[in-house]
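Welcome to this short tour. Please open your viewer and get ready to select a few residues one after another.

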Amino acid sequence: MKSRFPKIVQISIISVYLIFLAGSVVRMTGSGMGCPDWPKCFGYYIPPTSEDQITWKPNTEFKKGFIIIKDEVLFVAENDVKTASEFNESHWKKYIKHDYAQFNKYHTWTEYINRLASVLSGFVFLFLIYTAFKFRKEDKRIPLLAFAAFFLMMVEAVMGKMVVDTNLKPGIITIHMIIGLVIIALLLQLKFIITVDKKKHNYNSLFNKLLIVSVVFSLIQIAMGTQVRQFIDEQVKLFGFENKDYSLMNPSFKFYFHRSFTIAIVLVNFGLFYINQIKNLGYKLVNWIVFLIFIETITGILMYYAEFPLGTQAIHLLSGAILFGLQFYLWIQNRKTVGSYQ
């Protein structure tokens, strides 16, 4: 099992990025409230596939906790009930966490797949901490990092419920995203520790400082991006998801900051590329960082000027998360180099 641990760490990292991807598709399609409750969906473990399943009907059995639509209002069953010919409100209470009563099977199942990705990742993390515990005598950092990542995954599950319960409150979404990035950072630290053949690189002080700045800048940009995305969601509520051309009408200061801050990010990361080249530091990850900066910029331009082409939002978010991961791992490589070869 120990020999498979590096592979388990890699799968854990991939599983977190798959959650990022699934979450971005949810936001891209406006499926954030495809399920009004959590962890179930309309009271079901497997979501309904048609509105008829959740519409009140006479002479029909509903289980406790099932959510139905009646006269464009959501109701939740307080106990197992078989309906009569008339609606008896004593068996039901209004579901007041949200002020809508809509069902879209595509939104519902998109959100459900997002949750399913999180559940599957949870099982991967169970294998991670189980295997990491076997290294406790060799290197205590390994089980500590694995447990910390698993603990934050549990926090993320709670945050996921809070996102639903607060009807996509911007601050909660931002914290949800940042915790996900912290999990990535912990796993990358774990990956570096268990890497056997660590390539030596030349150390450069300015390169190290720019790396720290690049990581911080990416965190700020991603956090601000979630706020911009929330503004777009609010616009969508007003004008409808089909009218995406109105999504950035009268944008807030956060949007302009997010857009303009890209210039600083480009300059810092191209500075890393330049120093890596002229000083011959040998960091191949820098090339991938520059490529992801290009993807981030292009998708950002397309979203603003081409009315959110299909897939651009998902690519934009996922590439931003991968960019942070590469920058952080590069910083780990450089930081370790400082300790060993300065």
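**First stop: His258**

Select His258: leaving aside neighbours within four places in sequence, His258 is in contact (heavy atoms within 4.5 Å) with Gln221, Met224, Gly225, Val228 and His316. His258 sits in helix H6, residues 253-278; helices here are DSSP runs of H or I with at least four residues, numbered from the N terminus. His258 is buried, with a relative accessible area of 15%; buried means under 20% relative accessible area, using a 1.4 Å probe and protein chains only.

Before you move on, note that this is a predicted model, in which local features need pLDDT of at least 70, side-chain atom pairs count only at pLDDT 80 or more, and totals for chains, interfaces and linings use all residues. Residues are numbered from 1 along each chain as its sequence is written, and side-chain values use heavy atoms, with hydrogens and water left out.

**Next: Leu186**

Now pick Leu186 in helix H4, residues 170-194. Is Leu186 buried or exposed? Leu186 is buried, at a relative accessible area of 19%. Beyond neighbours within four places in sequence, Leu186 is in contact with Leu145, Ala148, Ala149 and Leu152.

Finally, select Phe5, Phe20, Phe125, Leu128 and Ile183, the residues with the most contacts inside the largest nonpolar core, which has 44 residues. A nonpolar core is a set of buried Ala, Val, Leu, Ile, Met, Phe, Trp, Tyr and Cys residues joined through side-chain atoms within 4.5 Å. H4 gives the largest share of this core, 15 residues.

Technical notes
Helices (H or I, at least four residues) and strands (E, at least two) are DSSP runs, numbered from the N terminus. Buried means under 20% relative accessible area, exposed over 50%, partly exposed in between (1.4 Å probe, protein chains only).
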